[in-house]
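Me: I am new to this structure and would like to learn how to read it feature by feature. Could we begin with the whole chain and then move on to its parts?

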Amino acid sequence: MSSLLSQLTERVQAATGIDPEMRPATKPQFGHFQSNVALRLAKGEGRPPRELAAELAERIDVADLCEPLEVAGPGFLNFRLKSGVLAAAASELLADPHTGITQTEHPQTVVIDYSAPNVAKPMHVGNLRSTIIGDCFHRVLAARGDTVIAQNHIGDWGTQFGMLVEYILDEGVDAAGLDLDGSVALYKQAQERFKADEAFADAARRRVVALQGGDPRTMEIWQTLIEVSKAGFNEAYARLGVLLTDDDLAGESLYNAMLADVADDLARRGIAVVDDGALCVFLEGQDAPLIVRKSDGGFGYAATDLAAIRYRTTQLGAQRIIYVVGMPQTHHFAQVFAVSRLAGYLPETVSAEHVAFGSVLGTDGKMLRTRAGKTVTLQSLLDEAEEVAARPIAMAAVKYADLSNQLQKDYVFDAERMTATTGDTGPYLQYAHARATQILRRAEAEGYAWERITVLDEPAEQALALQLSRFGEVVETVAADLQPHKLCTYLFELATAMSTFYEQCPVLKADGAVRSSRLALCATVKKVLATGLDLLGIQAPDQM
Ligand code: ARG
C-alpha cells in the first residue's frame, strides 16, 4: 500500500513533470498538503504563478483522493484529502496484520553486526548504544520482510588471552568460578604483572603461541573465559530485552582459521604487498595502508574484518551488511570496505554500511566518567535509570534517548529528564499508549463497540488519521536510511496529535457513529504506537 502522500506526489508529478515537493500544510485552512510546484514552473515559463496554479488545479487528476484543489497566496496549491479517503487509509491499519508496513517485494538477506562487546572487558556505553541501535534495525528490517542475520562480533581472540590464561594457571584461579566483573579484575591484575614481571611476560608470550597452536589445556581455560563473559553479556541483553541470543555469536575467533587464507589470497593476487615485513594493502589517496599481517606474523583487527566480510557474502549470502559501531572506527571500516571491494569479497551487488554513532555525555556535557575517572559501564548506566523508574519505563527512557537523536551526535545521559512522562521521551509514548488502552477498556466496560473509522469531521480527527496513515512510509524510510530518530519523531507527533484530539473531541461522551469512529481511531493509535515502540525495542504496557 503506497501512502496517501506518495500517491498524491505521483499524480502531481504526472501532470507537471517535476517533483511537487509536497509539504504538510502549516494551518488547517490550507488543507493537508501544499505544493509550490506552480511557482517553480511559472518562473521557467514566464507566466503569472497564480494563473498557472489555477490551470494546474483543474488539470491535476486527484478527484478521487482530494476535495477540489485550491490556489493560495502567490500561487501555492492546497490539497485537502477527502475525509472518506483518510478514514479508509487509517482504518486499513487496524485490520492489517502488518499495520501498514509494506512487505518488501525484494526481501534481502541482511547481516547486522552489532553489540560486539569484548571478552573479559566491561561492557561499556559504546556497546550499549550498538546493542540498542542494532536491535532497532533488526526489528525494522525483519518487519518489512528481510531476512536478518545478527552477528555479534565479540572480541574473543587475541594475544591478551595468552596473558590472561597464563595468569590464571600461574595463580591457580578457578576460572569457572568467575563472573564477568571478576574476569575484568583479573585481566587488570594480569596486565600489571605483565608490565612488572619479565619472566611472567615471557611465559605469557609462550602461552599466546600455545593458544594459537590449539593446546588443549590453554583452549579449555580460554573457552571458560568466554562462557563467563557470555553469561555477563546475556544478563545485560535480558535486562535490555533485545533479540540477541547465543546463536548470533560470531566472535573474532571464528575467523581465526580463515586469516592465513585471506592473506595468501591477497598476496597472490598482488592486492597486498610486503612492506617493512608487514603484509599491507595500499589504497589510493591514503597514507597509511591496511595491515593484513603484522611483521611478527600475527593478524590484527582489520584482517579479521576482511575474513568476516568474505564469510558473510559467501557463506551467509549477505546482500546488505550493516555495522553498528562507534564513530572512532570510521576509518577502519572505510579501509576494510575498500579493500574488500578491490578483492571482490564485497561484490558491487552487496552494500556495506557503517552506521557510526556518537558518544554518551554526562549532564556536564563531558564524556561520561565515574568519580574515579574511569569509563562508565553499561550496568551502572542502567542502574541509574532504574533508580528513577521501574524497569520497562527505565529501558524505554534509555532506548528512546539513544534512538531519538541523530545517531552521529553525542547525547547527554540525564536519567531524570529521559524518564519524564512529558516531553519527547520514551515514557511519554508509553503513557500515550496506556491512555488509549484505558479509554478502550472503559468503552468495553460500557458495552460500546467499534470497528472502523467512519466519521472525520473535526480537524483534530483528520490530523490524527493523516498522521496514522503515514506510519508505513516512515518505517520504510528508516529501513532504507537507518535513521531511527525519524520513527521516534513520527511517534512523538502521533502522541501529540492524539492528545490534541482528546482535548478537542470527546470520545466516550460522544454518540453513535461518532463515538464508535473515535473509538476505532483510539484503537488504531494504540496499535500503531505499540507497533512503532516495538520496532524501537520498547515495551508498551497497558497501564502506567
Ligand atoms: N569489539 C569491537 C569493539 O569493542 C567492536 C567490533 C565491531 N565489529 C566489527 N566487525 N569490527 O570496539
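Reply: We can start with contacts: two residues are in contact if their C-beta atoms, placed from the backbone, lie within 7 Å. In this chain, residues 24 or more positions apart account for 74% of the contacts with a separation of 6 or more. Please keep in mind that this is a predicted model, in which local features need pLDDT of at least 70 and side-chain atom pairs count only at pLDDT 80 or more, while totals for chains, interfaces and linings use all residues. Residues are numbered from 1 along each chain as its sequence is written.

Me: What does the C-alpha trace span along its principal axes, and what percentage of the residues in the chain is buried?

Reply: The trace spans about 85 × 60 × 40 Å along those axes. For burial, one counts neighbours: a residue is buried if 20 or more other C-beta atoms lie within 10 Å of its own, exposed if 12 or fewer, and partly exposed in between, with the C-beta atoms placed from the backbone. By that count, buried residues make up 45% of the 544 residues in the chain.

Me: Which domains does the assignment give?

Reply: Domain bounds come from an automatic or database domain assignment. Here the assignment gives domain 1 (4-81), domain 2 (109-155 + 249-357), domain 3 (160-242), domain 4 (361-418) and domain 5 (426-535). The C-alpha centres of domain 1 and domain 5 lie 28 Å apart, and five residues of domain 1 are in contact with five residues of domain 5. To describe such a side by class, Ala, Val, Leu, Ile, Met, Phe, Trp, Tyr, Cys and Pro count as nonpolar, Asp, Glu, Lys and Arg as charged, and the others, Gly among them, as polar. The side of domain 1 that touches domain 5 then has three nonpolar, two polar and no charged residues.

Me: How many helices and strands are there in the chain, and how should I read a helix?

Reply: Helices (H or I, at least four residues) and strands (E, at least two) are DSSP runs, numbered from the N terminus, and the chain has 20 helices and 13 strands. The expected span of a helix is 1.5 Å times one less than its number of residues. Among the buried residues of α6 are Phe161, Leu164 and Ile168, and what covers the buried residues includes α7 (180-196), α8 (198-212) and α9 (216-240). Just after α6, glycine 172 takes a positive phi of about 65°.

Me: How many residues of α20 are buried?

Reply: In α20, 19 of its 24 residues are buried, so this helix is mostly covered. Helix α20 (residues 512-535) reaches 35 Å from its first C-alpha to its last, close to the 34 Å expected. The helix is followed by glycine 537, whose phi is positive, near 80°.

Me: How do I read a sheet, and in what order do the strands of the four-stranded one stand?

Reply: Strands of a sheet pair through backbone hydrogen bonds, either parallel or antiparallel. Two strands count as paired if DSSP finds at least two bridges between them. The open sheet of four strands has the order β6-β5-β10-β11, with parallel pairing. Strands β6 (147-151) and β11 (351-357) stand at the edges, each with a single partner strand, so one side of each is left without a neighbour in the sheet. Five bridges join β5 to β6, where valine 110 stands opposite valine 148. Strand β5 (residues 109-113) and strand β10 (residues 320-326) pair over four bridges, and there the bridge partner of valine 110 is arginine 320. Seven bridges join β10 to β11, with glycine 326 opposite phenylalanine 357.

Me: Is β10 enclosed or open to the outside, going by its buried residues?

Reply: Five of the seven residues of β10 are buried, so this strand is largely enclosed by the rest of the structure. Likewise β5 is mostly covered, with four of its five residues buried.

Me: Which strands form the open sheet with antiparallel pairing?

Reply: Three strands form that sheet, in the order β7-β8-β9. Strand β8 (residues 278-281) and β9 pair over three bridges, and the bridge partner of cysteine 280 is isoleucine 291 in β9.
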